[in-house]
Amino acid sequence: MTKKRYIDSPAYDDAFHKVRPQLAGAGLAALDQARLTALERFMQDGLPGPRVEEWKYCNLTRLADRPYLPIPRETVEAAQLSEDVLKDEPFGGRLVFVNGYFVQNLSRLPQIEGIEVKALSELKNDEKSAGYMNELVEADDGDSLLALNQALFSDGMILRLGAGVELAEPLEILHLADRSAEGKARRSRNLIHLEKGAKATVVEKYAGAAACFYWTQDVSRIVLEEDARLISYSLQQEGEKAVHMARKNVELAAGARYENHSLQLGAELSRTEIFPRLLGEGAKVVLKGAYMGREGQSHDIFTRMDHVSGHCDSEQVFRGVLDTGGKGAFQGRVIVERDAQKTNADQSCKNLLLSRQAEANAKPELLIYADDVKCSHGATVGELDKMALFYMQSRGLSLEEAKALLVQAFIAEIFEEIEETAVREEFIAYAEDWLDQAGQKVTS
């Protein structure tokens, strides 16, 4: 008997029709139809199981017990969040989503000519809004979870820059979950479209209530026209029982550049997917990230770099630090298509195990159909260098201080090229805090 590759989730069918009226864009005919089609697509397969190759390191069985529906809008605890979470406003603008819904009174949108920023829930039932939704909704690519997000996303945002426009200061996007998220899901859908020569920086942060089990599923479509540039920072600090999934589909025209710098710290189960498509000559993608996990945590990074056009560059650098009971996985697929001559593609994933009871998996892949390219990949799993520890202790450092310095040096490469000083310092501070908490548990 052949085992099923996907996990059935039949309860979503009935539940979808009950929550449909409260979803963003309800009433827009094209979107309503797209949601129905997406739900049918999801119902055909259900959740991917561990026998699906791309999901072999990410077990979703725990999500199969019932449908995880949007959190009711009226449960947002905005007052409490404004005191506990929203203390600083270091950037040029901020969008706040709580439990998957945009919160106007906690947000500050930049009012600059040529820049359009708005939440999907603010769109009206008119032709312009329908155009946005058509651009946001993507064709079926066979991914059942993408289809589930398309059927049930509750809100999201649109960032659009006109040709040559530059967003002078970063735009911060906060995704928060409070205690009422227990047992439910927050799904958002985002569109970032930079026209020719436009430039922007986006800082995304995910956080949620501790000891609360909820599911975050965030999907973004990013379109960069000729010579556009987008720098994206992502800090994941979900609640300790949460499931976090974030997917970015990126399209780059000639000369466009996309950078993504990420740090994964929270959630019991996290999955980050970045799928760039380099469609025009001279396009460049840089992906750098670190994941740090301990007992009960599993971080999964999955990238698919599709070089469609020639004379393009891509660089991927990921570092994993795993303590007792922590699991990490990196799956990076680079595809160089037949016409993508003169491609440069590098991929590196290194993991540092702080304990023999940690687990790291790395699966770099190169699929090359062109004959004039430079492509490389590498993956390692190792432990702290005992000779280096001995040398540092001989110079007066304690064992724990020596270990912390080695770990900091290991992941420093991920942070050193972050241009935004406030973001770089924040990433380093959170990584050091994680190390402080792990310090007493590190085994030699």
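Contact here means heavy atoms within 4.5 Å. The model is predicted.

**Helix pairs**

| Helix pair | Angle between axes | Axis separation |
|---|---|---|
| α1 (residues 12–19) and α2 (residues 29–45) | about 160° | 11 Å |
| α2 and α5 (residues 144–152) | about 145° | 8 Å |
| α6 (residues 386–394) and α7 | roughly 125° | within 9 Å |

Start with α1 and α2. Angles over 145 degrees count as roughly antiparallel. The two helices are therefore roughly antiparallel to each other. Their crossing is right-handed. On the α1 side, the contact uses Y12, D13, F16 and H17, and these meet R35, L36, L39, F42 and M43 of α2. By class, six of the contact residues are nonpolar, one is polar and two are charged.

Helix α2 also packs on α5. This crossing is left-handed. From α2 come A34, R35, A38, L39, R41, F42 and D45; from α5 come S144, A147, L148, Q150, A151 and L152. The contact holds eight nonpolar, two polar and three charged residues.

The crossing is right-handed. A388, L389, M392 and Q393 of α6 touch L399, A402, K403, L405 and L406 of α7. Seven of these residues are nonpolar, one is polar and one is charged.

**The sheet**

An open sheet of 10 strands runs in the order β4-β3-β7-β9-β11-β13-β15-β17-β19-β21. The pairing is mixed. Strands β4 (101–102) and β21 (374–383) stand at the edges. Each has a single partner strand, so one side of each lacks a neighbour in the sheet. Helix α7 (residues 399–415) packs on the sheet and touches β13 (257–264), β15 (284–293), β17 (313–322) and β19 (344–353). The direction of α7 makes about 150° with that of β17.

Strands of a sheet pair through backbone hydrogen bonds, either parallel or antiparallel. Strand β7 (residues 171–177) and strand β9 (residues 199–208) pair in the parallel sense, over seven bridges. Within β9, E204 stands opposite I173.

**Two buried residues**

H261 lies in strand β13. Its relative accessible area is 0%, so H261 is buried. Leaving out residues up to four places away in sequence, H261 touches I231, S232, Y233, S234, K288, I414, E417, I418 and F427.

Y233 sits in strand β11 (residues 229–237). Y233 has a relative accessible area of 1% and is therefore buried. T201 is 32 residues from Y233 along the chain, and their C-alpha atoms are separated by 8.0 Å.

H261 and Y233 touch each other.

Terms used. Residues numbered from 1 in each chain as written. Predicted model: local features only at pLDDT ≥ 70, side-chain atom pairs only at ≥ 80, totals over all residues. Heavy atoms only, no water. Axes fitted to C-alpha atoms, helices over the stretch in contact; angles between N-to-C directions. Helix = DSSP H or I, 4+ residues; strand = E, 2+ residues; numbered from the N terminus. Parallel < 35°, antiparallel > 145°, perpendicular 65-115°, else oblique. Left-handed = near helix turned anticlockwise from the far one by under 90°. Nonpolar A, V, L, I, M, F, W, Y, C, P; charged D, E, K, R; others polar. Pairing = 2+ DSSP bridges. Buried < 20%, exposed > 50% of the residue type's maximum accessible area, 1.4 Å probe, protein only.
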